Amino acid sequence: MIIYSDKFLLHDKPDHPENKQRLIAIIDALKKDSDLSHKIKNKIKEPKPAKEEHILAVHDKDYFNLIKSTKSMRSNTKNFFMLDQDTYLTDKTYECAVLAAGAVEQGVDLVYKDRKEPVFCLVRPPGHHAPYGGFCIFNNIAIAAMHALKKYEKVFILDIDVHHGNGTQNTFYQSNKVFYCSLHQYPFYPGTGSTEEVGTGPGKGYTLNIPLSAGTDDETYLRLFQSTLSTLKKFNPDVVLVSLGLDSHKDDTLGGLALTDQAYKKMTKDLLGLEKPLVFVLEGGYNLDVLGRVISKMMLLSL
Ligand SMILES: [Zn+2]
């Protein structure tokens, strides 16, 4: 299944790398591929917004209210409220962000019902840095992981975005129910994600960071990816949520890793091979061709 809404295009700033063209490029690519468009004909679901109390399970009330307050601001293409120097908000952002969080929760509900078929949540704005900015508003995957804990005992979050998901890591840093594992370029934005960050209290040993130097290629990356799968198997989660960043690709405009399409295909096959409920959640990725092409390839393997 695919969860997507045209409403995700409402949050937009044309001169910013995280703009609506990213999702337009993906949807266009899916439609253009005749095998895929046939395959997914009845598989696109419209999401529902997340409930406020679900968002508050991850974000504090002040942060939530700040985001909500932007609903009533007067914005236009020249007038944006900036959460940090990289993260814009418009009067449509709140609606979009609540829907993105709801979409990922719905992804969890869908794989709970039908554990065999993975779900792709094609959402914007992304989430894994939230509430610390970095183009992100609400932490979609963290909110969905909290939601998943109502049905499941153990959740594994695998973050393959080129950036470290500091927001997600922090949310579950003290938890032994949600394992957070990230492969990312390091040192790089947002500065976190060293091997020494392993969790604390009951969560000690339930955070695994794999920092990678710029230029890391398929061979090295996939070898380390295999080691994360061993960790995953040992943890034996009930559900696997993937922070899917296409910015680890060699042609990405912001990232500095050197993965090819083949690496994404291999990771998809390996994840499917786990035979666990699986939800892919779109995070970063700023080369429009890469976004459309790689997601199409991943869906052809998965759906
Ligand atoms: Zn990223």
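Which loop holds P190? P190 sits in the loop between β7 and β8, and I'll come back to that loop in point 5. Here are my notes for you, point by point.

1. Ground rules. This is a predicted model, in which local features need pLDDT of at least 70 and side-chain atom pairs count only at pLDDT 80 or more, while totals for chains, interfaces and linings use all residues. Residues are numbered from 1 along each chain as its sequence is written, and side-chain values use heavy atoms, with hydrogens and water left out. For the labels, helices are DSSP runs of H or I with at least four residues, strands are runs of E with at least two, and both are numbered from the N terminus.

2. The zinc site. Start with the metal: D161 (OD), D161 (OD), H163 (ND1) and D247 (OD) coordinate the zinc ion at 1.9 to 2.8 Å. A donor here is an N, O or S atom within 2.8 Å of the metal (3.2 Å for Na, K and Ca), and as water is not among the atoms, sites may look incomplete. Along the sequence, the donor residues follow the spacing D-x1-H-x83-D. Why is the arrangement irregular? It is irregular because the four donor atoms subtend angles of 52 to 153° around the zinc ion. For the cut-offs, four donors count as tetrahedral if all angles lie between 85 and 135 degrees; four count as square planar and six as octahedral if opposite donors are over 155 degrees apart and all others between 65 and 115; anything else is irregular.

3. What is tucked away. Buried means under 20% relative accessible area, exposed means over 50%, and partly exposed is in between (1.4 Å probe, protein chains only). D161 has 1% relative accessibility, so it counts as buried. H163, at 9%, counts as buried too. Now look at helix α6 (residues 140–148): eight of its nine residues are buried, so the helix is largely enclosed by the rest of the structure. Those buried residues are N140, I141, A142, I143, A144, A145, H147 and A148.

4. Two helix pairs with α10. Axes are lines fitted to C-alpha atoms, for helices over the stretch in contact, with angles running from 0 to 180 degrees between N-to-C directions. The axes of α9 (residues 261–273) and α10 (residues 288–302) come within 10 Å and cross at roughly 30°. That is why α9 and α10 are roughly parallel to each other. On the α9 side, the contact (heavy atoms within 4.5 Å) is made by D261, Y264, K265, T268, K269 and L272, and on the α10 side by R293, V294, K297, M298, L301 and S302. Helix α1 (residues 21–32) also meets α10: their axes come within 8 Å and cross at roughly 45°. That angle makes α1 oblique to α10. Angles under 35 degrees count as roughly parallel, over 145 as roughly antiparallel, 65 to 115 as roughly perpendicular, and the rest as oblique. In this pair, Q21, R22, A25, I26, A29 and L30 of α1 meet L288, L291, G292, I295, S296 and M299 of α10.

5. Cis peptides. The bond joining Y186 and P187 is a cis peptide bond, with omega about -5°. P187 is in the loop between β7 (178–185) and β8 (207–212). The peptide bond from Y189 to P190 is cis as well, with omega near 0°.

6. Positive phi values. F135 is not a glycine, yet its phi is positive, about 75°. F135 lies in the loop between β5 (119–121) and α6, and at 13% relative accessibility it counts as buried. E275, another residue other than glycine, has a positive phi near 55°. E275 is found in the loop between α9 and β10 (278–282), and at 64% relative accessibility it counts as exposed.

7. M1 is in the segment before β1 (2–3). M1 and E117 are 116 residues apart in sequence and 7.1 Å apart in space, C-alpha to C-alpha. Leaving aside neighbours within four places in sequence, M1 has contacts including N42, L110, E117 and L303. Now try K71, in the loop between α4 (61–69) and β3 (81–84). The C-alpha atoms of K71 and P211 are 140 residues apart along the chain and separated by 38 Å. At 47% relative accessibility, K71 counts as partly exposed. Not counting residues up to four places away in sequence, K71 touches D91 and Y94.
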